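Colleague: I have the chain open on my screen. Walk me through the labels and tell me what each one rests on.

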Amino acid sequence: MRGDVFDGRGFLKSAISGKESDAKSKTKNIDFDVDVKLGAVAGFNGEALRSVDAKVSRRGGIIKNFSFNGKVGRDATPVAADLRRAQRQGRDVIVLETDDAGAFLRFTDTNSKVVGGQLALAMEPPTVEPTAKEGMINIRNFAVKGVPELERAAAGGPVGTPSGVSFSALQAGFIRQSGQLTIRDGVVKGPSIGGTIEGSIDYLGNTVRMSGTFIPMYGLNNMFGQLPVLGLFLGGGSNEGLFGVTYEVVGTPNQPVLRVNPISAVLPGVLRKIMDFNTGKPANSVEFPPNN
């Protein structure tokens, strides 16, 4: 396949959500080799991947080889992905990396508020069987702009910081199946605020439902959560602090609405857990195998 421009938005939604293909499709079990070179692949929010070079091979319904290279963002930051073997779990995963996480997340329509950051994404490759596919996302050294509620929680006062809110790390597991992306065990850490997040995005129903805890002054506040046993009651868990507010995000992916539970701000640890908006927490996750 060769071309100048390809509209990849439909493919992106299907790939991210894990939406199942037609069970009666005659191509479902066909072996194939794909070699793609495109000048640009148009995504969401005005972003595009340029100089795309991708190769995929499938045998017996299983991806045997995969490689991808391209450039994203106005600085033409490289994006690279390949198929690696996770030795500890005995399965193959696709690992994608780029130093412009914000541009890539806008391209995939995952989040339009993230700026910069180093992204590492590991996920199980698609198969012909309609089973859940697990993954893990790590982002380092990024900022979130244009979210007044988050800026207020980080500053503890008026909104309006032009540089947004800075974070040093984010990690979350996810599951893709039947048009739904489920986020679990999400943790974000920064000098002024941290937080936890889990929930789901239903691409078929065009709805989002996330929940978690905002933790102002994350580094100092989180020390209570790191204490064994006592920290469970004072801090609520190793990724939470003594003081925080629970929240949920509902609505559509394009227009999410943030709701904060102010009562939880005065409740420590386990009591705040009870006040949390519960969305469930699946277990297990993929690992990041080393580059061969």
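Modeller: Start with burial. Buried means under 20% relative accessible area, exposed means over 50%, and partly exposed lies in between. Keep in mind that this is a predicted model.

Colleague: Why is phenylalanine 6 called partly exposed?

Modeller: Its relative accessible area is 33%.

Colleague: What makes lysine 37 and aspartate 53 a salt bridge?

Modeller: The closest N and O atoms are 3.9 Å apart. The rule asks for a side-chain nitrogen of Lys or Arg within 4 Å of a carboxyl oxygen of Asp or Glu, so the pair counts. It links distant parts of the chain: lysine 37 sits in strand β2 (residues 32-42) and aspartate 53 in strand β3 (residues 48-59), 16 residues apart.

Colleague: How many salt bridges does the rule give?

Modeller: The count comes to 16.

Colleague: How do you know that arginine 91 and glutamate 124 meet in a salt bridge?

Modeller: N to O is 2.7 Å, and the cut-off is within 4 Å, so the pair qualifies. Arginine 91 lies in strand β6 (residues 91-98), and glutamate 124 in the loop between β8 (118-123) and β9 (133-144), so the bridge ties together parts 33 residues apart in sequence.

Colleague: Why are arginine 91 and glutamate 124 called buried?

Modeller: Arginine 91 has 18% relative accessibility. Glutamate 124 has 14%. Buried means under 20%, so both names hold.

Colleague: What do arginine 209 and glutamate 248 form?

Modeller: Their side chains meet in a salt bridge, 3.5 Å from N to O. Arginine 209 lies in strand β13 (residues 207-216) and glutamate 248 in strand β14 (residues 245-251), so the pair ties together parts 39 residues apart in sequence. Arginine 209 is partly exposed at 45%, whereas glutamate 248, at 5%, counts as buried.

Colleague: What makes β2 and β3 a strand pair?

Modeller: Ten is written as 10 bridges here, and they join β2 to β3. Pairing takes at least two bridges, so these strands pair. They run antiparallel. Phenylalanine 32 stands opposite arginine 58 in β3. The two strands form a hairpin with five residues between them, and asparagine 45 in the turn has a positive phi of about 55°.

Colleague: How is β3 joined to strand β4?

Modeller: Nine bridges join β3 to β4 (residues 62-72), and the strands run antiparallel. Leucine 49 stands opposite valine 72 in β4. β3 and β4 form a hairpin with two residues between them, where glycine 60 has a positive phi of about 60°.

Colleague: Where does pLDDT stay under 50?

Modeller: Over residues 229-236, with 26 contacts beyond four places in sequence. Residues 270-284 also stay under 50, with 48 such contacts. For the protein, the mean pLDDT is 79, and 73% of residues reach 70 or more.

Notes. Residues numbered from 1 in each chain as written. Predicted model: local features only at pLDDT ≥ 70, side-chain atom pairs only at ≥ 80, totals over all residues. Heavy atoms only, no water. Buried < 20%, exposed > 50% of the residue type's maximum accessible area, 1.4 Å probe, protein only. Helix = DSSP H or I, 4+ residues; strand = E, 2+ residues; numbered from the N terminus. pLDDT = per-residue confidence, 0-100. Contact = heavy atoms within 4.5 Å.
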